[in-house]
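Work through the exercises below with the sequence and model open. Try each task before reading its solution.

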Amino acid sequence: MSKRALLVFNPSAGQLWNPFRANEVVTYLAGFGWTVDPAPTACARDAERLARRAVSEGYDLVIGAGGDGTLNELTQGLAGTPVPLAILPGGTTNVLARELGLPLSINGALELIPRGRAKPIDLGIANGRYFLFVCGLGFDATVTQSTDKKFKRWAGFWSLFVATFQNVVTHRPFALRIQIRDQHGNEQQLKRLAHQVMISNTETYGTGFKVATGAKFDDGVLELLIIRGRSMWEFFWRTARILLWPFSNNKLDLEHFPVTNLYVRSRRPVPVQLDGDAHGTTPVEIGIRPMALNMWVPENWSHPAAK
Ligand SMILES: [Mg+2]
């Protein structure tokens, strides 16, 4: 019996994903006995609806063509179900494809689909919404909220660059109270004046910076990372050191706690982002759902961390 896949793509994502390109995918996979139904998204959050449809209609695979935002939406519908998610990359940063060691070209990723298998990974959940790789609080979420979507589509990575410089001028640190619990059930209360907090499921942040050193997306633990500091200048040089010398392991620059649950509150609302898209403000409650999503990886895939 032939296998069925739902190909979810955003037709307004520029020349990369259009019906013509989707038909190429349909034709290519038909050669391997797959029936692929193209499903263009019509509006924001539509990918989530399409993922739920794929589950209820018994599809064998969902192919997500697009950026991390599209993959995050698909995850909302696929989490906790057996239906795996394959990636055809096409976004600004492609964090997940990088982390899994998958090809960053569409053709390379496509060739892997017929010989793939499901590999479960952990998901984070923040105020009821899943994230694949990161929940960010503070500076990155401020930048995310101020980046115009149309501009982002047009300028790609550089739009984030521009928004970063716009926000550097006005950004102030946040006074946070963070309650954490680790995998052994130990609890801790942290009080921090911080510019940036990241709760990471993956090692990679943004365009390939390995910030959460040693993080694994299948170990049942999230990594809490905090960049403290009073002045913007302090934030700037700490961030520069973290990005330029990621393995220096300087605890003063970057605090690192393995966690399974945390609760963050603050007097002043702190912007929150999930996988690069804005998700309200604090307070935020975060947890982990171990092995909640099946990713589609090559048959001979092994953990990149083990290589
Ligand atoms: Mg982990």
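**Exercise 1.** Among contacts in the chain between residues at least 6 apart in sequence, what percentage join residues at least 24 apart?

*Solution.* Start with the source. This is a predicted model; local features need pLDDT of at least 70, side-chain atom pairs count only at pLDDT 80 or more, and totals for chains, interfaces and linings use all residues. Residues are numbered from 1 along each chain as its sequence is written. The share is 69%.

**Exercise 2.** Describe the largest nonpolar core.

*Solution.* Take burial first. A buried residue has 20 or more other C-beta atoms within 10 Å of its own. Of the 307 residues in the chain, 43% are buried. A nonpolar core joins buried Ala, Val, Leu, Ile, Met, Phe, Trp, Tyr and Cys residues through C-beta atoms within 7 Å. The largest such core holds 79 residues, and Leu7, Val8, Val62 and Ile63 have the most contacts inside it. Strand β17 (residues 284-298; a strand is a DSSP run of E, at least two residues) gives the most to this core, 7 residues. Domain 1 (3-115) and domain 2 (129-290) each supply at least three residues; the bounds come from an automatic or database domain assignment.

Now zoom in on Val8. Leaving out residues up to four places away in sequence, its contacts include Ala39, Leu50, Val62, Ile63 and Leu74.

**Exercise 3.** How do β15 and β16 pair?

*Solution.* Pairing requires at least two DSSP bridges. β15 (residues 271-274) and β16 (residues 277-281) have 3, in the antiparallel sense.

Methods
Helices (H or I, at least four residues) and strands (E, at least two) are DSSP runs, numbered from the N terminus. A residue is buried if 20 or more other C-beta atoms lie within 10 Å of its own, exposed if 12 or fewer, and partly exposed in between; C-beta atoms are placed from the backbone. Two residues are in contact if their C-beta atoms, placed from the backbone, lie within 7 Å.
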